[in-house]
Amino acid sequence: MQKSKSIGESTDQVVTFTLDLVNAKGKKRTQKSEWHYHTSADDVRSSLFRFLAPADVKGTGFLSVEYNNRDDDRWLYLPVLGRSRRISSNEKSDRFMGSDFTYEDLERVDLVNFEYELLKEDAVEGETCYVVKSVPNNPKTAKESGYGHRIYYVSKSNSQFRKIEYYNKKNQLSKFVFGRDIRPISDGSVRAYYLEMTDVKSKHKSIINFANFQVNTGVSEEQFTVRNLEKS
Amino acid sequence: MLNSFLDKVIAYPKTVLLLIPIGTFVAIVGVTKIAVNSEFSADLPQDDPLVISNNTINDVFGQSSFVWIGIKSDNVYQKRTLEKVQGISEALKTIGPVIDDEVKSLTTINNIKGVEEGLEVGPYLTEIPNSAAEFVQLAKDIGRDNLINGHLVSEDGTFTVIAANMEEGYSSPKMYAELQKVKAAFEGPEKIYLASDFIQFTEVDRGIQVDAPRLMPLALLLILIGYFFTFRSWRGVWLPFSVVILSIIWTMGIMGWIGFPFTVVSSTIPVLMIAVSSSYGIHLLHRYYEDIDGRNNTEGVREAFHKIGPAIFMTGITSAIGTATLLVFKVGVIRQFGVTTSIGMLIVLLLSLTFVPAVLTVLKREENAHLTKGSLNNPFFRSLANFAINSRQLILLGTMVIGLISIWGMTKIRVGDDLAQYFSPDHIVNQTFDAFNTKLNGAKYIEIMVDAGEVDGVKSPAMLQEIEAFQQYAESLPHVGKTSSFVDIVKRINQELHASNPDYLRVPDSKNAVSQFMLLYALSGAPGDFSSIVDYDYQRTKVKVMVNSSKQEDHVAIVEALQRYEPTYLKNDFQFSIGGDTVRRLAYIKYIVEGKIQNMIVAILIVLLFCSLIFRSLKTGLITIVPLVFSSLITFGLMGFLGIRLEMATAIITAIGIGIGVDFAIHFIMRFQEESQKTGNLEQATHLTMQTAGRAIGFDVLSNVFGFIVLIYSEFLPIQNFGWLVSITMVDVALSTLLIIPAIMLMQTEEQPVISIQKEILQTAN
């Protein structure tokens with residue numbers, strides 16, 4: 001597990017992505033954003049999203065700062081108001097931008113908080129994977145998590161997640177995500193350029209297409225302030 | 001041909017009697033197959049505009065039905081009441097058909113709050129507060145929340161609602177039972193009310209099921225006593241009664257075999273059969289007692305049945321055809337009723353020509369002192385005949401006057417049901433109506449779906465303002481309470497983003513603002529989604545209009561007023577569809593009225609045609625339908641004057657008029673012709689007819705009315721109405737047959753030619 005890297009794993013990162021929200025009837029809404037990411041020396045993880053499309057939300061900015069031992073800060077800047085607003089943000093299980101991804105899904109996983117168990121080996125879309133079950137190993141993590149446990153399908157060849165299954169606290173499968181289009185990036189590691197999350201009950205899908213991962217380009221910490229957020 | 005059939009039956013009575021129990025057994029098997037179905041929602045013609053409108057909404061948002069649980073408390077904002085709100089919300093989620101994420105109550109609903117730096121979206125109550133100060137604050141917050149105050153909580157803080165949606169396909173009785181369990185678990189000291197259309201219907205079914213078994217046996221007993229007074233013999237009681245019972249069982253059996261369900265409408269069939277089949281039994285036995293004089297049993301039976309056979313046959317066929325005309329109704333349950341009663345008439349006919357002669361042949365010969373030829377001198381019927389003979393003009397004048405008054409009464413008829421009227425004022429259904437209507441200004445709602453015509457169209461400020469104007473227009477209409485829509489949410493967000501400044505409780509200025517606000521909302525905590533009020537493309541959105549009347553004519557008025565709305569902000573059309581359960585049920589009214597009128601016309605014409613053919617005289621045919629037409633006028637007129645509404649159940653009552661009206665008329669006319677032909681003297685014929693066929697008719701009506709009058713004492717309005725209508729119909733059909741027909745027939749100056757033609761017919765028929 002330590003070998004595999006998820007999205008937010010580098011020290012800093014800039015990537016553009018589109019997020020498609022597709023409902024059970026096939027209707028689709030698309031957003032395009034630019035995402036700046038930074039991890040500080042004292043392990044504070046900051047994300048700044050700038051909306052590029054659709055036109056009526058262009059220029060909207062979203063800032064999220066995750067701490068280890070206090071609540072996250074989240075701010076939203078709306079061009080139409082000319083000011084940013086703090087967003088109440090206590091739940092990791094909250095949906096991110098109305099998608100099927102929650103904050104918990106997108107944030108970095110702290111390995112120490114989980115028990116990992118290798119179940120078997122299986123193939124996902126033709127690729128052989130280790131099937132690993134992950135369960136919180138302390139009450140705090142268990143309570144904060146929206147899930148009972150997760151099952152990771154880690155590719156044997158490139159240590160990247162091909163599939164993750166999310167089980168709720170009643171042990172029912174609630175979501176699963178496929179990672180596809182795995183390509184190498186500048187620091188030698190690989191990333192999935194395509195993520196597709198499906199909600200089992202509502203049959204709703206969220207699809208993220210990344211373009212252009214740039215890592216470790218020296219993204220500066222000053223970017224991640226409210227003042228910067230308001231400079232559209 | 002008829003006579004040879006009858007002769008065969010009389011010759012082999014035991015064979016016939018053996019077949020009867022077999023037939024009954026088959027019928028009983030059929031009865032066990034009958035499924036009860038108190039809902040007939042699939043019934044409406046799919047090209048009806050209201051049905052189409054409702055389907056349009058369902059295609060976009062799915063179809064669901066609502067159920068509301070109301071809690072009345074001295075103060076909603078206290079621990080024990082809020083705990084109940086929470087308890088009930090959670091309990092509802094465990095019930096299968098309830099859609100979990102759409103349960104709305106004080107403990108599940110979100111508060112959109114403007115805080116110093118931003119917007120906070122989260123449940124009002126993550127936990128139930130403990131301190132008095134917190135409750136006071138909660139009351140204040142909710143008091144200022146345009147989305148909740150007056151919608152989920154009454155403005156005076158003493159009534160709150162837990163609102164849930166259920167997926168289609170739920171079983172009403174099961175849901176009813178589950179909800180009663182929830183209510184029982186949480187009742188006291190707060191009062192709990194269950195509100196929903198299906199709950200009202202279930203209460204109606206239960207009302208009928210409770211009352212009918214209570215009253216029907218009593219009614220039947222009284223009818224039997226009536227039979228006894230008719231004949232003063234035991235045979236005169238059990239023989240007609242057997243015909244009644246057998247015909248009911250056989251008819252219901254066939255209903256089961258065909259697969260028709262037992263509905264509120266078809267539950268009247270047994271009662272209808274009693275009224276109709278009594279007549280057959282009484283006429284037959286009457287004739288037997290008449291003709292047994294001076295003959296042995298077999299000859300007596302033969303003579304009686306040869307004489308009365310044609311009348312019986314004709315009445316059976318015409319009644320069957322008459323009730324079959326209910327097929328013109330576009331409502332499925334009424335068509336099924338028509339088919340079933342039609343078959344029922346034929347069954348009574350069959351039993352009259354097989355079971356009755358067979359039984360009478362097998363039994364000992366019995367004379368009846370009251371009905372021998374010599375004793376045909378009942379004073380009442382003698383005076384009736386005299387009246388008909390001597391006061392012809394008066395009768396005909398009276399007919400016209402009463403006819404006109406009835407037509408006037410008809411104009412007062414109200415169409416469509418009013419379930420509140422069904423129950424006594426302190427019945428739980430009315431208590432629920434009252435609670436919801438006074439506290440929240442509505443116990444039902446109408447749904448409107450606005451279509452902006454393009455993706456993201458709902459986000460345009462002009463559209464939002466138009467919807468807001470539409471809401472205000474709706475709220476100005478009579479019987480409309482509050483309305484709610486997506487616009488209210490957008491306005492609230494706008495207000496909260498401007499530090500809760502009420503000046504901002506309005507539509508934002510730009511489409512970008514709306515989109516960005518919705519983005520903010522989506523990012524703010526645990527928003528839930530709007531998929532039940534706005535579609536994915538933000539093209540269509542629902543507006544809910546609360547209604548506080550239970551009368552369908554009020555609903556019709558609201559729908560018509562809404563359809564007249566003219567947009568003020570938009571340059572293009574303001575497109576919307578109207579729907580919801582309350583509206584869908586309005587479609588029935590149109591078909592009941594339409595169907596009723598068509599049915600009456602077709603029935604009258606067909607019966608006229610048929611009788612004219614059989615009697616070979618248009619004049620006689622016209623005379624035959626006089627009681628039918630006249631009694632229908634009186635029945636409708638009285639419905640108007642008495643305030644009995646024309647609705648699903650009462651629309652079919654006049655079918656009884658058709659069945660019996662033709663029956664009495666044919667018996668009377670045919671006997672009259674028989675006697676005129678024998679004596680050549682019309683006045684004597686009138687007397688004799690009155691003493692025989694007239695007496696049979698009179699006692700038949702007396703027995704039935706004696707029994708059905710009991711229903712008036714039901715606590716349940718539909719059953720009371722039934723009692724009234726059946727009794728009124730029978731009496732006015734009888735009177736019009738016994739008075740108007742002789743009056744008309746005696747008016748004819750050229751009696752001879754008419755009589756000789758009838759003579760020919762009777763000879764050919766025999």
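This is a predicted model: local features need pLDDT of at least 70, side-chain atom pairs count only at pLDDT 80 or more; totals for chains, interfaces and linings use all residues.
A:Asn171 sits in the loop of chain A that runs between strand E10 (161-167) and strand E11 (173-184).

**Positive phi values in chain A**

- The phi angle of A:Asn171 is near 65°, which is a positive value in a residue other than glycine.
- Is A:Asn171 buried or exposed? A:Asn171 counts as exposed because its relative accessibility is 55%, and the cut-off for exposed is over 50%.
- A:Asp181 also has a positive phi without being glycine, with a value near 55°.
- Look for A:Asp181 in strand E11 of chain A.
- The relative accessibility of A:Asp181 is 40%, so A:Asp181 counts as partly exposed.

**Cis peptide bonds**

- In chain A, the peptide bond leading from A:Ala53 to A:Pro54 is cis, and its omega is near 0°.
- A:Pro54 belongs to the loop between strand E3 (45-53) and strand E4 (61-66) of chain A.
- In chain B, B:Gly188 and B:Pro189 are joined by a cis peptide bond with omega about -5°.
- To find B:Pro189, go to the loop of chain B between helix H6 (172-186) and strand E5 (191-195).

**Size of the interface**

- How many residues does each chain bring to the contact? Chain B gives 30 residues and chain A gives 32 residues.
- The size of an interface is often given as the accessible area lost when the parts come together.
- Here, about 2,400 Å² is buried between chain B and chain A, and carbon and sulfur atoms give 54% of that area.

**Links across the interface**

- The rule finds two salt bridges across the interface of chain B and chain A.
- In one salt bridge, the side chain of A:Lys27 meets that of B:Asp537, with a distance of 2.9 Å from N to O.

**The side of chain B that touches chain A**

- Which elements of chain B give two or more residues to this side? They are helix H3 (49-61), strand E3 (118-123) and helix H19 (511-523).
- H19(B) supplies the largest share of this side, at 10 residues.
- Sorted by class, this side of chain B has 13 nonpolar, eight polar and nine charged residues.

Definitions and conventions. Residues are numbered from 1 along each chain as its sequence is written. Chains are lettered from A and ligands numbered from 1 in the order in which they are written. Side-chain values use heavy atoms; hydrogens and water are left out. Contact means heavy atoms within 4.5 Å. Buried area is the accessible area (1.4 Å probe) that two parts lose on being put together, summed over both. A salt bridge is a side-chain nitrogen of Lys or Arg within 4 Å of a carboxyl oxygen of Asp or Glu. Helices (H or I, at least four residues) and strands (E, at least two) are DSSP runs, numbered from the N terminus. Ala, Val, Leu, Ile, Met, Phe, Trp, Tyr, Cys and Pro count as nonpolar, Asp, Glu, Lys and Arg as charged, and the others, Gly among them, as polar. Buried means under 20% relative accessible area, exposed over 50%, partly exposed in between (1.4 Å probe, protein chains only).
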